[in-house]
Amino acid sequence: MRNRHIIPLLLVLLGLVGVAASTARRPPVQAGATTRAVTAAKAFLATLDDAKRAKANLELNVKTRTIWSNLPTGTTLQSGATERNGLKLGDMTPDQVKAALALVGSTLSQAGFRKAMAIVDADQVLETNSAPTRAPAARIRFGRAEYYVAILGSPSETEPWMLQFGGHHLAINVTLAGRQNVLTPTHTGTQPASYTVDGRIVRPLGGENDKAFALLNALSAEQQKQAILGYDVRNLVLGPGTDGKVIQPEGVRASGFSPAQRTMLVDLAREWVGIVSDETAAAKMKEIEANLSDTYFAWAGATTNGKGAYFRIQGPTVLIEYAPQGQGDNNVDHIHTIYRDPTNDYAAKAAAR
Amino acid sequence: MNAVKRVTAGGILLLLPMTASLSAHRLDEYLQAARLSLARDQITLELDVTPGANIAGRAVALVDRNADGRISPLEAEAYGRLVVGGIHLDVDGRDVPLALSHVEAPSIPEMNDGLGSVRMVAVGSLREPVSAGHHQVYFRNDHRPESAAYLVNALVPANREIAIVGQRRDGQQREIRIDYIVRPGWPVRVAWIVLGLSGLLGLVLVRRVTPARPRARQAHARL
């Protein structure tokens, strides 16, 4: 081979390596999840008349995407003139409800969908029990009918759009941007924390609670000393309305965790990450595991399961908080949680590209 | 879609509560959640104040001073000044007065329901930017301590020259001490690099200019 061919050949090879490397950095293909969601979104919109479609399908922008909350319906929220985006289940026909829930289910895993609906059912319990004693003039309402479904933007396999499913103690925000399906920010919560359906006990956030206590009690005394904050944490630090904030990490760093402790931490985080469709969650879990050495676990409150405790998982691409809301002995029956990605809420990375 | 069908079907089953509690949110707490942003020349405080439903009447009376059933911008501002006036902030022991820069109030019905937060931002400007080295911020919230529940956190500094190395709070989170380090800015670092390289260059030049004496002759001379 003559010398003059070597430089062009090297440039071609370099180009090929560059293309391969840039492709490798992308998350695994999630076109399947997006395709399912687009199909379900179009099917849902097709069940609506013009007036309902105008309510359910709104523009996606920096204002509309931030309208979500932990609060019950019936009061005007500060973040906008409307209390929530979209159309509520109580204003839909049975076929429309079916299509709406099919849309929600298309973006979530089966376990994630069950969790979301268990939260909705918990709120129905709250409504059933509060309605008889409620003042006639009271505006606040609980229950299944008060959950909203909104499509922000135009359902597309290439352009960004968003699905919101929310009501009291639930704000599922899935931003779909081509290959990316991003679940953050998402709020889950529950009251009551435990109820029975047909004789079966349901604990919507029971896995989160039990796995966290198990992890804390699997830590050594020295690790616990670092994890336990030593002060009360009475609420979420970065709950609804605090988009874009990143707090200084605290607690014990997982770099010193044993393989078993790491597995427990990852399994705990999966309770939130795994709400979204399986293929999307798998990519996110891989990212969280890659950053595990730079991830912190913090704790405040009781160390025995059955009593209330706040905890937080914070890494470069994840923030999870779990905060009991009750007071005194009854502080385990009302839970708020938040799941964020400080680098990619609302699929910010896709928007940046 | 199996999950959809299963849960929808489950939804029509009888739901029985395990508890009689119906309180949706904290009722008698005056939650004050503070976040602090550190910069070389200022400290920014973001504070969200949320009175619980049982004490909302007292909070509303503080905000809606003319009791006309709505919170005017002037009333919101006056309330913000009242709250911020109860906060002590210092850097390295030197007081940093806070100036309210933004306040956003909810509707009175929201506050009465215990669901409304008054959100405010206040800025404390330092007399001069802190120098490179160790520093400490001290924050204490003395606004309405009788029924307050506090949160206070430092945000990750936007300026990479600032690194937080410790946060110490009391048990209630009413006060916090934030220890942080300010690294030298890039002009200082560049100056040090230039100085170091100059020294190195100087050494090389000196070695080249100075004639090397044979080691054997030196050894001989010592004998």
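A residue is called buried when its relative accessible area is under 20%, exposed when that area is over 50%, and partly exposed in between, with a 1.4 Å probe and protein chains only. By that rule, A:Gln261, A:Leu265, A:Val266, A:Leu268, A:Ala269, A:Glu271, A:Trp272 and A:Val273 are buried in helix H8 of chain A. This is a predicted model, in which local features need pLDDT of at least 70 and side-chain atom pairs count only at pLDDT 80 or more, while totals for chains, interfaces and linings use all residues. Residues are numbered from 1 along each chain as its sequence is written, chains are lettered from A and ligands numbered from 1 in the order in which they are written, and side-chain values use heavy atoms, with hydrogens and water left out.

**Chain A and its helix H8**

- Chain A holds 10 helices and 14 strands, where helices (H or I, at least four residues) and strands (E, at least two) are DSSP runs numbered from the N terminus.
- Of the 353 residues in chain A, 56% are buried.
- Among the contacts in chain A with a separation of 6 or more, 66% are between residues 24 or more positions apart, a contact being a case of heavy atoms within 4.5 Å.
- Helix H8 of chain A covers residues 259-273, which makes 15 residues, and spans 20 Å from its first C-alpha to its last, close to the 21 Å expected at 1.5 Å a residue; the expected span is 1.5 Å times one less than the number of residues.

**The two domains of chain A**

- Chain A is divided into domain 1 (4-197) and domain 2 (205-352), with bounds that come from an automatic or database domain assignment.
- To the contact between them, domain 1 of chain A gives 36 residues and domain 2 of chain A gives 31 residues.
- The size of an interface is often given as the accessible area lost when the parts come together.
- Between domain 1 and domain 2 of chain A the buried area is about 2800 Å², and carbon and sulfur atoms give 59% of it; such an area is the accessible area (1.4 Å probe) that two parts lose on being put together, summed over both.
- Across this interface of domain 1 and domain 2 of chain A the rule finds 3 salt bridges, a salt bridge being a side-chain nitrogen of Lys or Arg within 4 Å of a carboxyl oxygen of Asp or Glu.

**Salt bridges within and between chains**

- Over all chains, a search of the whole structure finds 29 salt bridges.
- In chain A, the side chains of A:Arg36 and A:Glu279 meet in a salt bridge at 3.2 Å, N to O.
- Another salt bridge brings together the side chains of A:Asp210 and A:Arg203 at 2.8 Å, N to O; A:Asp210 is partly exposed at 28% relative accessibility, and A:Arg203 is partly exposed at 38%.
- B:Glu46 and A:Lys245 form a salt bridge whose closest N and O atoms are 2.7 Å apart. B:Glu46 lies in strand S3 (residues 42-51) of chain B, and A:Lys245 lies in the loop between helix H7 (221-227) and strand S10 (252-253) of chain A, so the pair joins two chains.
- In this pair, B:Glu46 is buried with a relative accessible area of 11%, whereas A:Lys245 counts as partly exposed at 26%.
- B:Arg35 forms a salt bridge with B:Asp48, with the closest N and O atoms 3.4 Å apart. B:Arg35 lies in strand S2 (residues 30-38) of chain B and B:Asp48 in strand S3 of chain B, so the pair ties together parts that are 13 residues apart in sequence.
- Both B:Arg35 and B:Asp48 are buried.

**A sheet in chain B**

- Chain B has an open sheet of 5 strands in the order S5-S4-S8-S11-S10, with antiparallel pairing; two strands pair if DSSP finds at least two bridges between them.
- Strand S5 (94-95) and strand S10 (162-169) of chain B stand at the edges with a single partner strand each, so one side of each is left without a neighbour in the sheet.
- Strand S4 (residues 87-91) and strand S8 (residues 133-141) of chain B pair in the antiparallel sense over 5 bridges, and here B:Asp90 stands opposite B:Tyr138, while B:Leu89 has B:Phe139 as its bridge partner.
- Strand S8 of chain B also pairs with strand S11 (residues 175-182) of chain B in the antiparallel sense, over 8 bridges, and B:His135 stands opposite B:Tyr180 in S11.
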